[in-house]
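Keep the structure open beside the text as you read.

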Amino acid sequence: MSPVTAVMWFRRDLRLQDNPALLDTVAAGDGRVLGVFVLDPLLWERSGDRRREHLAASLRSLSASMGGRLLVRRGDPATVIPAVAQEIGAASVHISADYAPYGQQRDREVEAASKCPLVRTGSPYAVAPGRVLNQQGRAYQVFTPYFKAWLEHGWRKPAGTPAKVTWVEAAGDELPDGEAEGAGERAALEHWNAYLENVAEYDDARDRPDLDSTSRMSVPLKYGELHPRTMLADLARHRSAGADSYRRELAWREFCADLLAQNPQAAWKPLRPAFEKMQYDEPDQLFDAWRAGRTGYPFVDAGMRQLAESGFMHNRVRMVVASFLVKDLHVHWKFGARWFMQSLRDGDLASNSLNWQWVAGCGADAAPYFRIFNPVGQGLKFDPAGDYIRRWVPELRQLQGKAAHEPWKHGGADGYPEPIVDHAEARRESLRRYDAIR
């Protein structure tokens with residue numbers, strides 16, 4: 001009688017520690033596990049260079065931790081996974097549940113095409129979407145009561161690491177090429193443990209892009225190199241306003257995932273139907289200037305150039321550049337959201353689309369539409385000495401202190417554009433369009 005083998009299909013859980021689906025796979029296969037990752041052309045082609053680089057590096061790290069035995073196959077998962085399972089006579093295929101619209105449809109197709117069970121255990125979240133409901137049994141639309149219920153619901157302790165796994169080999173495709181600093185489970189854990197030493201400062205410093213003091217854990221969370229349950233367990237040992245604030249941000253991430261799971265159309269359509277009638281302008285040369293970081297507003301341009309050069313943008317700056325696109329340039333938020341998904345290393349559909357909707361005023365618990373960020377005022381408040389601007393906009397490095405925020409008041413700068421719109425006029429026009437749909 002041949003030994004039993006189970007398949008662990010890795011997706012957004014590229015780690016061995018605190019991975020309940022992997023523990024179930026080990027148990028189902030009596031310790032014999034074939035670990036597989038499917039390079040789905042649909043997802044691969046939609047990802048930008050930064051995400052592909054990080055994914056490739058993370059897969060190489062995962063394979064190394066498995067003794068080089070991670071199986072990579074290219075193709076449609078509905079074809080690849082059933083074929084892999086049949087090749088080795090697998091007893092079952094195990095996954096962490098996916099709650100994104102495409103992921104749910106893909107898993108249903110794989111399940112329908114498979115001859116062995118597709119077993120879902122755990123998810124990329126501390127509290128899976130659909131678990132936290134209001135008294136009417138419905139999903140929350142406002143974050144504050146969701147957060148309270150999320151805390152009351154609680155989460156499991158981190159799962160352990162399998163004591164012994166025999167990784168089964170099978171013929172596959174080459175691992176994709178790509179290098180990314182800090183990719184992989186070990187690097188994520190080291191980075192997180194180092195950041196915890198300063199988590200008490202998070203509440204005070206998190207809105208300051210000039211200090212570069214955020215954790216940047218959105219990247220490991222995107223790829224599942226670290227589970228939020230692990231992070232929450234660590235945060236529980238730190239009693240400070242910073243730790244509390246960080247926990248709240250993890251809850252916001254899960255709130256976005258919950259909203260998207262309940263409203264799949266929210267990926268690209270407003271949650272508030274009235275905004276379907278909002279008048280927007282078609283993307284044109286102003287949109288191109290926004291993408292290139294040449295709007296003439298230094299704080300906006302610094303953010304867009306940071307995104308282009310690093311695949312990352314500070315969260316406060318994300319809100320400002322999003323507000324500028326939607327409410328100063330009057331371009332539909334979905335165009336900005338798509339550009340972010342193409343450019344960000346941490347591009348996550350739920351967090352990205354729902355945060356864009358928050359800024360645009362059309363999402364759940366969204367910022368009031370009349371809250372229109374002043375791109376100069378935001379810069380002066382959160383980058384008071386202009387250091388963030390000078391870091392990313394070299395044309396303005398000769399301007400000292402806060403002068404970098406308003407170069408037009410200090411003789412301008414060679415090679416740097418004049419503002420492409422007047423903010424006060426753009427704000428009035430934005431409010432006029434909003435009044436038309438109220």
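Arg 229 counts as buried because its relative accessibility is 7%; buried means under 20% relative accessible area, exposed over 50% and partly exposed in between, with a 1.4 Å probe and protein chains only. This is a predicted model, in which local features need pLDDT of at least 70 and side-chain atom pairs count only at pLDDT 80 or more, while totals for chains, interfaces and linings use all residues. Residues are numbered from 1 along each chain as its sequence is written, and side-chain values use heavy atoms, with hydrogens and water left out.

You will find Arg 229 in helix α10. Helices (H or I, at least four residues) and strands (E, at least two) are DSSP runs, numbered from the N terminus. Leaving aside neighbours within four places in sequence, Arg 229 is in contact (heavy atoms within 4.5 Å) with Asp 18, Pro 20, Arg 156, Lys 157, Pro 158 and Ala 159.

Helix α10 spans residues 228-235, and seven of its eight residues are buried. Besides Arg 229, the buried set includes Pro 228, Thr 230 and Met 231. What do the buried residues of α10 pack against? Their partners are α1 (20-28), α6 (143-153), α7 (185-196), α9 (218-223) and α11 (241-262).

## An exposed contrast

Asp 49 belongs to helix α3, residues 49-65. With a relative accessibility of 52%, Asp 49 counts as exposed. From C-alpha to C-alpha, Asp 49 and Lys 148 are 38 Å apart in space, and 99 residues separate them in sequence.

## Where α11 meets α16

Two packed helices are described by the angle between their axes and the distance between the axes. For α11 and helix α16 (residues 349-360), the angle is about 90° and the axes are 8 Å apart. Axes are lines fitted to C-alpha atoms, for helices over the stretch in contact, and angles run from 0 to 180 degrees between N-to-C directions. That makes α11 roughly perpendicular to α16, a term for angles of 65 to 115 degrees; under 35 degrees is roughly parallel, over 145 roughly antiparallel and the rest oblique.

On the α11 side, the residues in contact include Trp 252, Arg 253 and Cys 256, and on the α16 side they include Leu 349, Leu 354 and Trp 358.

## Salt bridges

How many salt bridges does a search of the whole structure find? The search finds 28, each being a side-chain nitrogen of Lys or Arg within 4 Å of a carboxyl oxygen of Asp or Glu. One of them joins Glu 249 to Arg 206, with the closest N and O atoms 3.3 Å apart. Glu 249 lies in helix α11 and Arg 206 in the loop between α8 (202-205) and α9, so this pair ties together parts 43 residues apart in sequence. Glu 249 counts as partly exposed at 29% relative accessibility, and so does Arg 206 at 25%.

Glu 395 and Arg 305 meet in a salt bridge of 2.7 Å, N to O. Glu 395 sits in the loop between α18 (387-392) and α19 (423-435), and Arg 305 in helix α13 (residues 298-310), 90 residues apart. Both Glu 395 and Arg 305 are buried. Finally, a network of salt bridges links Arg 11, Asp 98, Arg 106 and Asp 107.
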